[in-house]
2 protein chains.
Amino acid sequence: MRSVSIIGVGCTKFGERWDASLRDIVAEAGFSAIEDSNVSGEEISALYVGNMSAGRFIEQEHIGSLIADYAGLARLHVPSTRVEAACASGGLALRQAVLAVASGYHDIVIAAGVEKMTDVSGGTAADALASAADREWECFFGATFPALYAMIARLHMRRHGTTREQLSMVAVKNHHHGCLNPIAQYQMEITHEKVMKSPMVADPLHVFDCSPLTDGAAAVILAPTDMAKKYCDTPVKILGSCQASDTLALHDRRDITTLDATVCAARAAFGQARIEPGQIDVAEVHDCFTIAEILAIEDLGFVEKGQGGKAVEEGMTSLNGKLPINTSGGLKACGHPVGATGIKQAYEITLQLRGEAKKRQIDDAEIGLTHNVGGSGGTALVHIFSR
Amino acid sequence: MRSVSIIGVGCTKFGERWDASLRDIVAEAGFSAIEDSNVSGEEISALYVGNMSAGRFIEQEHIGSLIADYAGLARLHVPSTRVEAACASGGLALRQAVLAVASGYHDIVIAAGVEKMTDVSGGTAADALASAADREWECFFGATFPALYAMIARLHMRRHGTTREQLSMVAVKNHHHGCLNPIAQYQMEITHEKVMKSPMVADPLHVFDCSPLTDGAAAVILAPTDMAKKYCDTPVKILGSCQASDTLALHDRRDITTLDATVCAARAAFGQARIEPGQIDVAEVHDCFTIAEILAIEDLGFVEKGQGGKAVEEGMTSLNGKLPINTSGGLKACGHPVGATGIKQAYEITLQLRGEAKKRQIDDAEIGLTHNVGGSGGTALVHIFSR
């Protein structure tokens, strides 16, 4: 099993990118990563793309070929693979790229993620997103993602005493981080009062508890660790790359206040990396809704089950806390172009470990973690990185 | 790079499966492969699923989680990954599964493919399939796949003297093979006259030049070659697993009568396997249209460019010919559930190499090849197998 490192990263501005198509933004992220890594196009031997639903959003499947084409790599006939696990598609692309390098089949590999969600052709974005849930047993009965996560939130509040204020604090913190991140979709501070005044989506979740619809793309370039220094003075080593599944429908789970896929993927990744949760210096976790960040902190093993809300309240996860979480602004404020999110998380952790996160840089970041979830937890990916 | 072998295979009946949903047929194929391989569910460490467009066909993305769920593997939290490259999604799933085993991250891995195309919710199947072409530069101008392949056929006929009869002979041969295959969608003989009397789709292609809409699923189980004998007396070794891309749009290609992605993937696979095209005993190639089989024979290096039609006419590719092609009936007669096709090809070659292909068994098959194409050649995969 060859060790794998990140030698370059790139990311577009996240937001409503009316100025650019899916092909434009993914090329922008890819070229930016290539420039960052000092590799030449001829050295790239494979491409992985995470994308959830271009088939529904822009009526375009076969995104692998499309992106190889617009990146100029189709002329070199570089193999290009689209992977999909709903909102975990980006993390999945990263893991498949890691496996491709680890296998020895490929050396220099790009993992990209992209989603174009703001000009949907036919239907609504919410309907396309609902296809990440169990269409037959959830959606046809009216459940959307805010509704599913609202049920999780209500049970978490009742069972563990998590408060409405603690939910807001996740959003307030992530919006603060977003203000420090030039690529973030929302660069504005919010307050608990503002969250509470925003429209109710699914009780107890208001609009400001939900991640937005976003256009965006991100890319990272991988190489075998023993070749990485050739391209890059500050490669970031991937210590763990793990993935787990769970039932597609929320109601089939053992317990809806724990995402078992996160628990399993995290345990496996910590085992692979041979480190403990307490050694993580910075993490990007999947805060598709505020309650999801609280679950993540618990399920990744950073705090005991039920203590996630309290940890946020006590500032543990703030920029100057013991374990800064979502320094990018997270899905909440940086934005959530579903296929791109998992790669953007790796982009942010790479910047932090290289000391290039500027206004949101944390001190002495040595080990980072990313956590990417598909649907209501049918898929989870955890990656652990070190400088 | 660990060597990888197939230790079990399964496939559903192909056709109009009104009796079964996507989740039913993929579970059917998976259980059949598990039974064939003698592995237990607990030993399976990863799952790859090729599926083109469930998002559009049945409004369901996140197929990886769905299939892990319905296979009983979500309870074990087995990582499950959907890959997509249009009609090459099955071959792509096989290759990613090969990489996963070769990487050392996983030992026993299932590669499955599935598509449910006959009860489409919203829009038409043809429209969903068109999303495998370049939506902006081909589909919006009215091009469908029969039209794109018709243009290829016309130029091939003009430049190389390929005849209308030779196109028919591909269909006639594959229908004959389909008659010998109990899982085939069409088990009926046809003639050149019948092809010519069938409705014109896009000149020169008639209905009987086109592969049909099909429901179906297939699965193969992989293991490291050094563990394969533990499960299976007759493992089939994967000697080469290669993939190439090309421009998404046909009009951007160097030459539309050659699929360069096929040429590149084949060259790489023959190199990896260290064998010559002349050593292949049996092949399943991507005959989405009759002209596509003729291109494939040429682009894979079995005959010179322009000699594909003649090779078919002279019987080279028949069951008793020098190189039997599409003994399953091919996409044309066995059917073409787009995400499943690449895995069904591996299923057929495995049966041939194990001597279990019954009425369509060829003598002394030692080395086989599969060839799977996405769109009009934006993606191609070539696998080489030996007994």
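User: In this predicted model, which residues is A:Ala111 in contact with, leaving aside its neighbours within four places in sequence?

Analyst: Two residues are in contact if their C-beta atoms lie within 7 Å. A:Ala111 is among the residues that touch the most other members of the largest nonpolar core, which holds 291 residues. Leaving aside neighbours within four places in sequence, its contacts are A:Tyr48, A:Ala93, A:Leu94, A:Ala97, A:Ala219, A:Val220, A:Leu222 and A:Ile343.

User: Which element gives the most residues to the side of domain 1 of chain A that touches domain 2 of chain A?

Analyst: The domain assignment of chain A gives domain 1 as 4-123 + 214-233 and domain 2 as 133-210 + 237-386. Their contact takes 37 residues from domain 1 and 31 residues from domain 2. On the side of domain 1, strand S1 (4-11), H4, strand S4 (108-115) and strand S7 (216-224) of chain A each give two or more residues. The element that gives the most, with eight residues, is H4(A).

User: How far apart are the centres of domain 1 and domain 2 of chain A?

Analyst: The centres are taken over C-alpha atoms. The separation between the two domains of chain A is 23 Å.

User: How many nonpolar, polar and charged residues make up the side of chain A that touches chain B?

Analyst: The contact takes 51 residues from chain A and 51 residues from chain B. Elements of chain A that give two or more residues to this side include helix H3 (63-70), helix H4 (89-102) and helix H10 (260-273). By class, the side of chain A divides into 22 nonpolar, 20 polar and nine charged residues.

User: What is the bridge partner of A:Val83 in S3(B)?

Analyst: Strand S3 (80-84) of chain A is among the elements that give two or more residues to the side touching chain B. Three bridges join S3(A) to strand S3 (residues 80-84) of chain B, and the two strands run antiparallel. The partner of A:Val83 is B:Val83.

User: What kind of axis relates the two copies?

Analyst: Chain A can be laid on chain B with an RMSD of 0.0 Å by a turn of 180 degrees and a shift of 0.0 Å along the axis. The copies are therefore related as by a two-fold rotation axis.

User: Which residue of chain A comes closest to the rotation axis?

Analyst: The interface residues of chain A are, at 100%, also interface residues in chain B, so the copies meet through the same surface. Distance from the rotation axis is taken at C-alpha, and the value for the closest residue of chain A is 1.7 Å. That residue is A:Ser103.

Note on methods: Residues are numbered from 1 along each chain as its sequence is written. Chains are lettered from A and ligands numbered from 1 in the order in which they are written. This is a predicted model: local features need pLDDT of at least 70, side-chain atom pairs count only at pLDDT 80 or more; totals for chains, interfaces and linings use all residues. A nonpolar core is a set of buried Ala, Val, Leu, Ile, Met, Phe, Trp, Tyr and Cys residues joined through C-beta atoms within 7 Å. A residue is buried if 20 or more other C-beta atoms lie within 10 Å of its own, exposed if 12 or fewer, and partly exposed in between; C-beta atoms are placed from the backbone. Helices (H or I, at least four residues) and strands (E, at least two) are DSSP runs, numbered from the N terminus. Ala, Val, Leu, Ile, Met, Phe, Trp, Tyr, Cys and Pro count as nonpolar, Asp, Glu, Lys and Arg as charged, and the others, Gly among them, as polar. Two strands pair if DSSP finds at least two bridges between them. Domain bounds come from an automatic or database domain assignment. Copies are superposed by least squares on the C-alpha atoms of residues with pLDDT of at least 70 in both.
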